[in-house]
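Dear colleague,

I am passing on the structure below, together with notes on what was found in it. Please read the notes with the structure open beside them.

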Amino acid sequence: MASVTVWNEFIHEREDDAVAEVYPDGIHATIADALEARGHDTRTATLDEPEHGLTEAVLDDTDVLLWWGHAAHDEVDDEIVERVAARVHEGMGLLVLHSAHASKPFKRLLGTPCDLTWREDGERERCWVVDPGHPITDGLDDSLVIDEAEMYGEPFGVPEPDRLVFTSWFEGGEVFRSGCCYRRGRGSIFYFRPGHETYPIYHRDDVQRVLDNAVRWATPTEGADATAGNRNVDPRESI
């Protein structure tokens with residue numbers, strides 16, 4: 001079991017009736033409930049809370065942070081971005097969801113614009129498992145078929161992933177690297193493309209399974225030393 005924090009701007013659900021109909025309690029609540037049902041200890045945090053709900057105490061007690069953002073990337077305080085990045089380097093896992101490709105923490109950790117092409121036409125997506133031996137794919141079929149999705153297309157302005165887990169094909173012809181794994185310091189990062197505020201994608205059992213698998217994969221190893229950093233050390237051998 002992991003200690004999980006699900007972060008969401010929580011703007012669309014309060015301002016758009018169509019979004020509220022799909023996620024009446026917020027995308028964060030849907031994801032947190034799904035992960036709790038799978039045995040994780042979950043909490044949520046949102047943009048409007050003090051320190052965006054990501055105090056040092058909260059992050060110190062978080063094994064894996066899930067981040068969903070879309071409309072207010074620039075409203076996230078840079079001090080909180082640095083706090084999140086530091087915790088990832090110390091070992092906290094980070095799951096970056098859908099439009100959070102443009103979030104400050106993801107761009108800060110990857111060091112690239114993380115831009116892409118997109119189209120919102122409600123088209124069909126087939127998200128192929130391209131690394132079936134990876135633990136994030138446990139229990140999945142060879143692909144996830146999503147009848148209505150927002151298209152994300154290449155080129156995707158990210159570094160070459162350490163492992164590419166999913167690749168999507170869209171009805172309009174585009175392809176996209178939809179499941180990208182990275183390591184930064186001691187922390188594991190997973191970007192997962194499927195998901196949108198007006199489509200019930202996070203209610204799907206297969207998508208929830210991916211998130212559960214990814215949380216387990218990104219959870220810091222028991223006993224890992226998270227204190228190492230820039231420090232003066234004594235020699236291990238005689239000099």
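Strand 8 (residues 175–184) is mostly covered, since 8 of its 10 residues are buried, where buried means under 20% relative accessible area, exposed over 50% and partly exposed in between (1.4 Å probe, protein chains only). Strands (E, at least two residues) and helices (H or I, at least four) are DSSP runs, numbered from the N terminus. This is a predicted model, in which local features need pLDDT of at least 70 and side-chain atom pairs count only at pLDDT 80 or more, while totals for chains, interfaces and linings use all residues. Residues are numbered from 1 along each chain as its sequence is written, and side-chain values use heavy atoms, with hydrogens and water left out.

Strand 8 runs antiparallel to strand 7 (residues 163–170), to which 6 bridges join it, and also antiparallel to strand 9 (residues 187–192), again through 6 bridges; two strands pair if DSSP finds at least two bridges between them. Ser168 stands opposite Phe176 in strand 8, whereas Arg184 has Gly187 of strand 9 opposite. The hairpin of strands 7 and 8 has 4 residues between the strands, and Gly173 there takes a positive phi near 110°; the hairpin of strands 8 and 9 has 2 residues between them, with Gly185 in the turn at a positive phi of about 60°.

In the loop between strand 9 and helix 7 (205–218) lies His196, which is buried at a relative accessible area of 1%. Leaving aside residues up to four places away in sequence, His196 touches Tyr23, His98, Glu120, Glu150, Ile201 and Tyr202, contact meaning heavy atoms within 4.5 Å. The side chain of His196 also makes a polar contact with the side chain of Thr198 (2.9 Å); a polar contact is a pair of N or O atoms within 3.5 Å, of which, within protein, one must be able to donate a hydrogen and the other to accept it, and residues adjacent in sequence count only if both atoms are side-chain atoms.

Arg14, found in helix 1 (residues 12–15), is partly exposed at 48% relative accessibility. Its side chain makes a polar contact with the side chain of Asp48 (2.8 Å), and the C-alpha atoms of Arg14 and Pro24, 10 residues apart along the chain, are separated by 8.6 Å.

Trp128, finally, is in strand 5 (residues 117–129) and is partly exposed, with a relative accessible area of 37%.

With best regards
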